[in-house]
Amino acid sequence: MFTTSFEHNLAGAIDIARSAPSSHNCQPWAVHYSPLSRKGYLAIDRRRALKGLPSLENEMLMSCGIFFQHIETLMRYAGTPLQWTWFDDSDTSSPLPNDQDGLICFSPGDLQVANSEAYFYLAEQIQQRHTNRMPYETTTLSALQQFRLQEIFSDSPVQLNMWQDQVSRKHVADLVYQYAALDFADKQAWQETYSFIHFDKNKPAEDGFYLHHLFGKIPAYAEWLFRIGFHPKLNPFTRLLRLPQFMAREFSKLTGQGPQYLALSLPEPNQHNLFLAGRMLARLWLLLQQWGWGIHPLSVLVQHDLPKATLAKTLGMTHLPIFFARFGQIKIAADISPRRHLDSILTID
């Protein structure tokens with residue numbers, strides 16, 4: 001039985017939704033609610049958002065869409081649904097802090113009958129979903145499964161494409177090998193990425209990731225070599241030794257295994273459409289999770305103009321991709337990433 005307290009249910013939904021994925025696990029979400037005015041908003045927390053590349057803004061918007069999709073669905077199942085509109089300063093009880101950019105405004109909807117079974121099942125799915133960068137089984141999607149995934153995007157501006165053939169795997173591997181070093185070569189982008197890597201497994205963290213999230217279990221000396229060899233201050237020396245090319249080659253071997261890839265694209269990738277794309281990506285990701293499948297975003301192919309255009313042309317896409325990933329049936333379980341505390345995301349007057 002759920003309480004009819006809107007604030008209580010909102011906090012509970014956000015506590016679960018904070019398991020949503022985000023680039024570098026930066027978790028760029030801020031939520032505010034005022035019980036007095038019965039109004040709230042979701043914003044991008046600029047203190048958390050990535051800034052190393054202009055294209056990262058797309059990923060921040062989609063991450064916020066995933067986050068909100070979880071919250072809205074959980075609130076509906078709790079019997080305290082949300083009404084929401086695109087952000088408008090006049091719909092908030094107080095001005096936003098300077099480090100937040102509003103995305104949507106929300107308020108309590110009419111009370112409904114709670115569906116506790118659906119709520120707890122969804123909560124379990126959200127909390128068990130992890131970005132999985134490990135090798136996958138060679139299992140391919142059935143025609144019915146492909147239809148179920150495509151159905152999510154019907155009547156929307158977002159287009160879903162999928163590939164599961166050997167030729168596509170070779171194309172993707174070649175592109176990753178060709179362009180993966182761009183992240184290391186861009187000093188500002190790599191400095192930002194490096195700042196999210198945690199090297200001490202015993203030190204608490206609330207964002208970012210550990211090396212084993214990328215490479216699996218590796219020897220201590222390998223972690224030490226990575227920590228020193230890829231330090232941003234050694235960027236010229238790192239490039240001289242062609243370490244980025246070595247990393248790109250190893251990464252391309254993994255991504256070339258596929259076994260399958262998916263892309264989301266938009267004819268008009270504006271703020272609203274990117275947010276909506278994130279909401280649909282949340283549904284797709286959880287449906288794959290239900291089937292025992294994982295997703296590994298290949299962001300390097302959509303964060304830079306040249307690889308993004310080359311990827312679209314090579315795979316015959318109508319529009320430029322806003323999201324590209326390899327996916328497959330999970331063979332090796334992924335580790336849990338750190339998460340922000342609820343009280344650093346939600347403020348209630």
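Visitor: How many bridges join β5 to strand β8?
Guide: In this predicted model, strand β8 covers residues 260-265 and runs antiparallel to β5. Two strands pair if DSSP finds at least two bridges between them; strands are DSSP runs (E, at least two residues), as helices are (H or I, at least four), numbered from the N terminus. The number of bridges joining β5 to β8 is 5.

Visitor: What pLDDT do local features need?
Guide: Residues are numbered from 1 along each chain as its sequence is written, and side-chain values use heavy atoms, without hydrogens or water. Side-chain atom pairs count only at pLDDT 80 or more, totals for chains, interfaces and linings use all residues, and local features need a pLDDT of at least 70.

Visitor: Which residue in β8 does Met-162 stand opposite?
Guide: β5 spans 159-163, and its partner β8 spans residues 260-265. The residue of β8 opposite Met-162 is Leu-262.

Visitor: Which are the edge strands of the open sheet of 4 strands?
Guide: The pairing in this sheet is antiparallel, in the order β5-β8-β10-β9. From one strand to the next, the twist averages 25°. An edge strand pairs on one side only, and here the edge strands are β5 (159-163) and β9 (293-297).

Visitor: Which residue in β2 does Ala-30 stand opposite?
Guide: Strand β1 (residues 29-34) pairs with strand β2 (residues 39-45) in the antiparallel sense, over 6 bridges. Opposite Ala-30, the residue in β2 is Ala-43.

Visitor: Is α5 roughly parallel or roughly antiparallel to α13?
Guide: Helix α5 (residues 166-179) packs against helix α13 (residues 305-314) with axes 11 Å apart and an angle of about 165°. Axes are lines fitted to C-alpha atoms over the stretch in contact, and angles run from 0 to 180 degrees between N-to-C directions. Under 35 degrees counts as roughly parallel and over 145 as roughly antiparallel. Therefore α5 is, relative to α13, roughly antiparallel.

Visitor: In which hand of crossing does α5 pass α11?
Guide: The axes of α5 and helix α11 (residues 243-255) come within 8 Å and cross at roughly 165°, which means that α5 is roughly antiparallel to α11. A crossing is right-handed if the near helix is turned clockwise from the far one by less than a right angle, left-handed if anticlockwise. α5 passes α13 in a right-handed crossing. The crossing of α5 past α11 is right-handed.

Definitions and conventions:
Angles under 35 degrees count as roughly parallel, over 145 as roughly antiparallel, 65 to 115 as roughly perpendicular and the rest as oblique.
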